[in-house]
Amino acid sequence: MKKLSFVVVGSGFRAMFYGRIARTYPELFEMKYMLCRSQEKADRIRTQTGFSVTTSKEACEACRPDFVVVAVNKANIADVAEEWVLRGHTVLTETPAGASLEQLERIWELRERCGCRIQVAEQYFHYPSLSVGMKYIERGDIGEPFSLYISVAHDYHGASIMRKYLSVGQEAFAVAAKRFRFPLTETDSREGAVTDGRTTLRERDIALFEFASGKIGLYDFSGEQYHSFIRSRHIIVRGRDGELSDQVLYRLDDQHYPRPKILLPELEPRYRALETKRLRDYVRMWKPELSLDEIEDEYAIACMLYDMGDYIAAGKEIYPLRDALQDAYMWLVLQEAVQKPGTQIHAREMPHISILQGVPQDA
């Protein structure tokens, strides 16, 4: 594989993943620059990480990267992606693709009408702990999946996982939701363990998605699940012939006899070049629930960077843009439902794309 070079626009928590990945796989990736908004922040990041940083867009363009990663806050991500594709660059944006219906429409228009090259780094289907279950479901081991309980990831990430496990594609759907607030003793954070006994009120969104095919998804998530030693993450997928429960597959054999199977995280052969000893050691360990360690996140993003080579060379999408827009759209409808508890919100099939294809908004 040809070594890929990129510039990262942004310098927050997500942006740092790309710098670390480039450092882990120097034979595969090179981060030319991390573009910061202020010299003060650029100096601080350079000192803390040793990354190549700049405040100059001109310097980023002059280094002629293979593509530009946009990793800014979600409110601005679509605008910044638009700026860089209109400068003539291939762009990989962090999630979500946009934070409003208007932004989603613009992203699709940039691709469909202007021929701009845009991809979205929706990485969860590359998590070894999740992809193994998806493989067995796609193979038909539990029959056609018809219901899912998901308490794994927030918003658009949760939507992506839900659609993958249920194979609902771009189906129309309806959703009813409510937001709750519960107390929690804090135990962990991005900065490390919390041991002073402090408590906070944490929001939890619970929503029922009903798809046109009759399949359902129950979404139940709170941000505390990313950083807490006393909150776990779970997924249950049910079909006629079995069930996936976290890391255990319950299925029937050819004689209709139950054959439960313990699932270990799996690494995809395509990404053999991304394997490290730490990663291989990690996937050898079985846990009864989904831990989804940060090592899986970095591996999943590295898979997307790896696939950018084929996208640049042949236009093969690393994650279909249409899917990324659907994920973000489901998040927007979920947020509307949360603001109207007790009301079921009906969403049409990919309205932002239909509008751009000349279909009236109320069709």
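The side chain of S222 reaches the backbone oxygen of E203 at 2.7 Å, and a polar contact (a pair of N or O atoms within 3.5 Å, where within protein one must be able to donate a hydrogen and the other to accept it, and where residues adjacent in sequence count only if both atoms are side-chain atoms) also links the side chain of S222 with the side chain of E224, at 2.9 Å. The model is a predicted one, in which local features need pLDDT of at least 70 and side-chain atom pairs count only at pLDDT 80 or more, while totals for chains, interfaces and linings use all residues. Residues are numbered from 1 along each chain as its sequence is written, and side-chain values use heavy atoms, with hydrogens and water left out.

S222 is found in the loop between β10 (216-221) and β11 (234-239), where the names of helices (H or I, at least four residues) and strands (E, at least two) stand for DSSP runs numbered from the N terminus. Because its relative accessibility is 2%, S222 counts as buried, a word that here means under 20% relative accessible area, with exposed meaning over 50% and partly exposed lying in between (1.4 Å probe, protein chains only). Residues up to four places away in sequence aside, S222 touches R202, E203 and R204, contact being defined as heavy atoms within 4.5 Å.

The strands around this place can be followed next. Strand β8 (residues 173-185) and strand β9 (residues 199-211) pair in the antiparallel sense over 13 bridges, and two strands are said to pair if DSSP finds at least two bridges between them. One of these bridges joins R179 to its partner D205 in β9. β9 also pairs with β10, again in the antiparallel sense, over six bridges, and the bridge partner of E210 in β10 is I216. Four residues lie between the strands in the hairpin of β9 and β10, where G214 takes a positive phi near 100°.

Strands of a sheet pair through backbone hydrogen bonds, either parallel or antiparallel. A parallel case is the open sheet that six strands form in the order β3-β2-β1-β4-β5-β6. Its edge strands, each of which pairs on one side only, are β3 (53-54) and β6 (118-120). Strand β2 (residues 29-35) pairs with β3 in the parallel sense over two bridges, and T54 in β3 is the bridge partner of L35. Helix α1 (residues 13-24) lies across β1 (4-9), β2, β4 (67-70) and β5 (91-93), and runs at about 145° to β2; for such angles, axes are lines fitted to C-alpha atoms, for helices over the stretch in contact, and the angles run from 0 to 180 degrees between N-to-C directions.

C60, which lies in helix α3 (residues 57-62), is buried, with a relative accessible area of 1%. Leaving aside neighbours within four places in sequence, C60 is in contact with V7, Y33, L35, T54, P65 and W84.

Helix α1 returns when we turn to open space. The largest pocket has a volume of about 1500 Å³. Of the 50 residues that line this pocket, F13, R14, F17, R190 and H227 are the closest to its centre. The largest share of the lining, four residues, comes from α1. The structure also holds three cavities of 30 Å³ or more, and the largest cavity has a volume of about 70 Å³, with Y282, M285 and W286 among the residues that line it. On a 1 Å grid over the protein atoms alone, a cavity is a set of points where a 1.4 Å probe fits but cannot get out, whereas a pocket is an open set with protein on both sides within 12 Å along at least five of seven lines, and lining residues have an atom within 4 Å of a point. Grid points are joined across faces, edges and corners, and a volume is the space filled by probe spheres set on the points.

Finally, the backbone deserves a look. Most residues other than glycine have a negative phi, and most peptide bonds are trans. R64, in the loop between α3 and β4, has a positive phi near 50° although R64 is a residue other than glycine, and R64 counts as exposed because its relative accessibility is 70%. D155, in helix α7, is not a glycine either and has a positive phi of about 45°. With a relative accessible area of 13%, D155 is buried. A cis peptide bond, with omega about -5°, joins T95 and P96.
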